[in-house]
Amino acid sequence: MPSDPFTPGVAAGRLSADRIAANFADLHPPLDDHQAAVESDRCYFCYDAPCTQACPTSIDIPLFIRQISTGTPEAAALTIFSQNILGGMCARVCPTETLCEEACVRHEAEGKPVEIGRLQRHATDRLMARNSHPFQRAAKTGKHVAVVGAGPAGLACAHRLAMKGHDVTIYEAREKGGGLNEYGIAAYKAPGSFAQDELDWVLGIGGIRIEFGRRLSGDLTLDDLRATHDAVFLGMGLGGVNALTVEGSERNHVEDAVDWIARLRQSADKTDIPVGRDVVVIGGGMTAIDAAVQARLLGALNVTIAYRRDKAAMAASEFEQNLATSKGVRIIYNAAPREITDTGVVFVRTRSEGGKLVETGETFEIAADQVLRAIGQTLAGQPEVLALEGRKIAVDEHGRTSLAGVWAGGDCASGGDDLTVTAVAEGRDAAEDIHAALGA
Amino acid sequence: MADLTSTFVGIKSPNPFWLASAPPTDKEYNVRRAFEAGWGGVVWKTLGEDGPPVVNVNGPRYGAIHGPDRRLLGLNNIELITDRPLDVNLREIKAVKRDYPDRALVVSLMVPCEEEPWKRILPLVEETGADGVELNFGCPHGMAERGMGSAVGQVPEYIEMVTRWVKQNTRMPVIVKLTPNITDIRRPAEAAKRGGADAVSLINTINSITSVDLDNFAPEPTIDGWGAHGGYCGPAVKPIALNMVAEIARHPETADLPISGIGGVTTWRDAAEFIALGAGNVQVCTAVMTYGFKIVQEMISGLSQYMDEKGISSVDEIVGRAVPKVRDWNDLNLNYVTKAVIDQDKCIKCARCHIACEDTSHQAIAMSDDRVFTVKDEECVACNLCVNVCPVDGCITMRKLEIGETDPRTGEVVREYANWTTHPNNPSARAAQ
């Protein structure tokens, strides 16, 4: 008998394939030409625009919107890609509500910013659909740079280096490139094979080779890379997860949310992804939201996010929290996990006292046949020679690590938020610095 | 509720909103629908001589300028006068007038520039019971190439001559419709008056090419690869029309000549503005071609509300009220000094005021690192550009410096009214008394 949302335990196929496909459709469907014309007309073409200042990659947003409004979305796309080669993915996954759109003067004026993200997608989709790469490489320099990780930081770095005429080899631990775009981002934000399509399109610049299954600290050492390349960029992200140190966290129905999402992302139609009837997600960041929402979209009956601090402290934006609740996810604040049992999770209530989180001693239990841990990722497998800042590889404003000839960017490096767009900016800027260093 | 009834050159209508001679008034069917919707009057689409009717192109007759949301801002047409037989039009006019005796029904005419054709057609129109005629001296395309329409309207002597023929051959009121495709609108208006016209109506459409197809390199609308200039109308032409109406209304030679205001009238407010500048009523076309006849309901309710709020009981009280305020530049008070003031609470920090002033004007708006915008009174010439480009209504206003205050820009004390005629920089200034 096929399972449905009421089937107890962890089960795949709670919803039909059609229903799942509909559930995982584009969160922000693309604007058609007329919608783009109307929306672009709302832009005031601000001088020294706040949206551009708010963009980690400093895309000239008023210019690209004006280019859309005058019927040249391809020119708009070039404006975007010249600053952010992953502008297509960023148009889909950027938390615009806390970046460009939060800064939009229309947000201040009327609470409704220009839909910058969707306009960016309109432009980038148009140019990428041409299936030709818009940038050309400079004359070959004869230099060879190693990039570790084919995620947003590594790709942005590799692309900029290739454009400058350097040859690049990317060493990627997994079987596919794209990093979190391929394995981590919620499926409804980048539906279809966009992450791979974008990867192929970026590689269209030429001069970039990817070796898959090559993990730093595996068969690959930083010393080897430094010996065989003119420079090294580390963009391997956060390979580990924070441990959940409560009783019962080793139980079979407890899993790291990132692993569960990665499997879901790699599934063709997602009907083979088991999900609980009663799912509890522990955490308060984007991963928690993505896991909880996708659990609901797969047909879980009850999905609860439990976060140990209050709403204001939650790393996931207001928009993301609202998205989750609109999909039927319940968010419980001030609940710290104490024990995971066979049938549920026991929480202790908390409250803030003078900025410190204290447990009240009052406990309650939420039924759970699947528990997803989403309490943060952590650096793993980094070369010990590199100095750290906090729990990340220390870098200066150019992305230089403590070791000469080694740069780092993206989630594995210090500074900036753990966002695709931030990773792109850091990879790009490190490439510029590498280029300057190699030319010296 | 305000009384909207209107009497224009003796023609009564329940409101001052007429439909202009144009496609919407070409047939009985349309005109009946217009009257049912509430229009006060109609100028029937231009009739020509008896005989084979004119023919129109069978490709596009219209081209348009749109805003980004396809709001129609300007319309261009190359349609000619009615292409239906004269007797059909006359029969329909008679039937409609019989059924709507309280509405104004004026017939637009255009026949060759000779007296006989005018003599022939006028009695036929009179026989329909129509309230008056409007002489189409404005149509700028097609008919003008045949010596009619604006070809007449561009020569004041022809206007006077034809108007006189018409007045001598009919008892009906005669409205002369003027073309804006001239250098000085007062000259044709004077000619119409000399010829005995009871009124002028304006503006007819403006010669125009709406756009160019950049793939085929042809003007729009394109007819089989070619295009001809058309007549431009709609909201975009309203400022041009307002000025021309005002020029006639304040010109001593024509100040007493009734005016029917035409040109981009879309809302009650547009109508009120034309009337304030001297029009006795207004004629509408593009707005109904865009939205249908129902808009007259908004025009009626809007003008009524405005008049009630102002304590104005009849439309005639509005007619020409703004005309005395329209003056020559030479009359303007050069001692009227204002400065831009930015309401920081309303400012949304777009910086458009700053960049417009900085790049293109007087560098009078400072921008701080945290996007606070401050007017530099010592640089501000009060050009108003910042007010015009600011996207927030009421955010930037102009403060008037009182007499006795010092203008920080010039260091001079603001004085009483004085204009260019007495200004020391004017070589031909009259000595101030």
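Buried here means under 20% relative accessible area, exposed means over 50%, and partly exposed is what lies in between (1.4 Å probe, protein chains only). The model is a predicted one, in which local features need pLDDT of at least 70 and side-chain atom pairs count only at pLDDT 80 or more, while totals for chains, interfaces and linings use all residues. As for bookkeeping, residues are numbered from 1 along each chain as its sequence is written, chains are lettered from A and ligands numbered from 1 in the order in which they are written, and side-chain values use heavy atoms, with hydrogens and water left out.

On to the overall layout of chain B. Its C-alpha atoms fill a box of roughly 75 × 60 × 50 Å, taken along the principal axes. Chain B has 12 helices and 20 strands; these are DSSP runs numbered from the N terminus, with helices being H or I of at least four residues and strands being E of at least two. Contact, here and below, means heavy atoms within 4.5 Å. Of the chain B contacts between residues at least 6 apart in sequence, 69% join residues at least 24 apart. Two domains are assigned in chain B, domain 1 (6-325) and domain 2 (329-422), with bounds that come from an automatic or database domain assignment. Taken over C-alpha atoms, the centres of domain 1 of chain B and domain 2 of chain B are 41 Å apart.

Chain A is split into domain 1 (33-128), domain 2 (144-239 + 379-439) and domain 3 (241-376). Between domain 1 of chain A and domain 2 of chain A, the C-alpha centres are separated by 26 Å. Across that pair, 18 residues of domain 1 of chain A are in contact with 20 residues of domain 2 of chain A. Helix H12 (residues 194-203) of chain A is mostly covered, with seven of its 10 residues buried. Those buried residues of H12(A) are A:Phe194, A:Ala195, A:Gln196, A:Glu198, A:Leu199, A:Trp201 and A:Val202.

Next come two helix pairs, one in each chain. Axes are lines fitted to C-alpha atoms, for helices over the stretch in contact, and angles run from 0 to 180 degrees between N-to-C directions. Angles under 35 degrees count as roughly parallel, over 145 as roughly antiparallel, 65 to 115 as roughly perpendicular and the rest as oblique. In chain A, helix H4 (residues 61-69) and helix H5 (residues 73-81) pack with their axes 7 Å apart at an angle of about 165°, so H4(A) and H5(A) are roughly antiparallel to each other. Their crossing is left-handed, the term for a near helix turned anticlockwise from the far one by less than a right angle, with clockwise giving right-handed. H4(A) brings A:Leu63, A:Phe64, A:Gln67 and A:Ile68 to the contact, and H5(A) brings A:Pro73, A:Ala75, A:Ala76, A:Thr79 and A:Ile80. Sorted by class, the contact of H4(A) with H5(A) has seven nonpolar, two polar and no charged residues. In that sorting, Ala, Val, Leu, Ile, Met, Phe, Trp, Tyr, Cys and Pro count as nonpolar, Asp, Glu, Lys and Arg as charged, and the others, Gly among them, as polar.

In chain B, the axes of helix H3 (residues 115-126) and helix H5 (residues 156-169) come within 9 Å and cross at roughly 45°, so H3(B) and H5(B) are oblique to each other. This crossing is right-handed. On the H3(B) side sit B:Glu115, B:Trp118, B:Lys119, B:Leu122 and B:Glu126, meeting B:Val162, B:Trp165, B:Val166, B:Gln168 and B:Asn169 of H5(B). The contact of H3(B) with H5(B) divides into five nonpolar, two polar and three charged residues.

Some loops of chain B also deserve a look for their backbone geometry. The peptide bond between B:Leu202 and B:Ile203 is cis, with omega about 10°, and B:Ile203 is in the loop between strand E10 (199-202) and strand E11 (206-208). Another cis bond runs from B:Glu220 to B:Pro221, with omega near -5°. B:Arg371 is not a glycine, yet has a positive phi of about 60°; at 7% relative accessibility, B:Arg371 counts as buried.
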